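Subject: Structure handover

Hello,

I am passing this structure on to you. Please look at it below before reading my notes.

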Amino acid sequence: IGETLSAVRQTGQEERTLVIFFSDNGGPPATVNGADNTPLRGAKGSLYEGGIRVPFLMTWPGRLAAGATDNRPVSAVDVFATTLGAAGVAMPADRRYDSVDLLPFLTGEKAGAPHERLYWRSGGQSALRDGKWKLVRKAGGQGELYDLDRDKGEATDLAGTHPAIAARLSATLAAWNKELIEPVFPGDTGRNKSRPIE
């Protein structure tokens, strides 16, 4: 990373280059390589925060303020729209895309949250974040509901306490899932195909 950034500076491209750095998922279980996602629950491969919440860093001297912090949730899929926006290219209009151009939010041109909701699906598990609420569904299981403002470690399942919220998010997640094709990721040759979300 240092060599790449140094080359960008040495060739005078720093103010013309948007750099985005993030991990695609949380660390694997500690027994694998000593990774520790504490205080978050879960690890690589899970849809709990320890498996999906990671640092997302961007730098673009002259365009983005240095040292700023933004706590609004975003997704790796936003790289698509953000890089198109940086290049001055419009998003394709052939279908609906989940990707959002983050630059207007980071420069202050747009306020609010980039996403109304964030969704995940991997194998038979799925999850949805809507504001402070997060619904996690394991393969074949019932939805677990968490209040991330009060419980980012996802220790207390509130589905029984807030059944209306759990039902609403479950229906929203099911509707989103119906819009998707079956997973086609390498290595997922049918053994981990997503089960219908009810």
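Is Lys134 buried or exposed? Lys134 counts as buried, because its relative accessibility is 0% (buried means under 20% relative accessible area, exposed over 50%, partly exposed in between, with a 1.4 Å probe and protein chains only).

Before the rest, some notes on the basis. This is a predicted model, in which local features need pLDDT of at least 70 and side-chain atom pairs count only at pLDDT 80 or more, while totals for chains, interfaces and linings use all residues. Residues are numbered from 1 along each chain as its sequence is written, and side-chain values use heavy atoms, with hydrogens and water left out.

Overall picture

The protein has 6 helices and 6 strands; these are DSSP runs numbered from the N terminus, helices being H or I with at least four residues and strands being E with at least two. Along the sequence their pattern is α-β-α-α-β-α-α-β-β-β-β-α. Taken along the principal axes, the box filled by the C-alpha atoms is roughly 55 × 45 × 40 Å. Of the 198 residues, 35% are buried. The protein exposes about 12200 Å², and carbon and sulfur atoms supply 52% of that area (Shrake-Rupley method with a 1.4 Å probe; for residues, only the protein chains shown count as cover). Among contacts with a separation of 6 or more, 50% come from residues 24 or more positions apart (contact means heavy atoms within 4.5 Å).

Salt bridges

The structure holds 12 salt bridges, each being a side-chain nitrogen of Lys or Arg within 4 Å of a carboxyl oxygen of Asp or Glu. Two of the partners of Lys134 are described here.

Glu49 and Lys134 form a salt bridge with an N to O distance of 2.7 Å. Glu49 lies in helix H3 (residues 49-52) and Lys134 in strand E5 (residues 133-137), so this pair ties together parts that are 85 residues apart in sequence. Both Glu49 and Lys134 are buried.

Glu154 also meets Lys134 in a salt bridge, at 3.0 Å from N to O. Because Glu154 is in the loop between strand E6 (143-147) and helix H6 (163-178) while Lys134 is in strand E5, the pair ties together parts that are 20 residues apart in sequence. Glu154 counts as buried, with 1% relative accessibility. Through shared partners, salt bridges join Glu49, Arg53, Lys134 and Glu154 into one network. The backbone of Glu154 also deserves a note: its phi is positive, about 50°, although Glu154 is not a glycine.

Another salt bridge joins Glu14 and Arg9, with the closest N and O atoms 3.8 Å apart. Glu14 is partly exposed, at 31% relative accessible area, and Arg9 is partly exposed as well, at 46%.

The sheet

Strands E3, E4, E5 and E6 make an open sheet of 4 strands in the order E3-E4-E5-E6, with antiparallel pairing (two strands pair if DSSP finds at least two bridges between them). Strand E3 (117-122) and E6 stand at the edges with a single partner strand each, so one side of each has no neighbour in the sheet. On average, neighbouring strands are turned by 15° against each other, direction ignored (axes are lines fitted to C-alpha atoms, for helices over the stretch in contact, and angles run from 0 to 180 degrees between N-to-C directions). E5 and E6 run antiparallel and are joined by 5 bridges. Leu135 stands opposite Leu145 in E6. Helix H6 packs on the sheet and touches E3, strand E4 (125-130), E5 and E6, its direction making about 65° with that of E5.

Helix H4 (residues 78-86) has Asp78, Ala81, Thr82 and Leu84 as its buried residues. Seen down the axis of H4, they fall within an arc of 165°, so they line one face of the helix (the arc is that of the directions from the helix axis to the C-beta atoms). Their cover includes strand E2 (56-59) and helix H5 (103-107). After H4 comes Gly88, with a positive phi near 75°.

Finally, the peptide bond from Thr38 to Pro39 is cis, with omega near 10°. Pro39 is in the loop between helix H2 (30-33) and H3.

Regards
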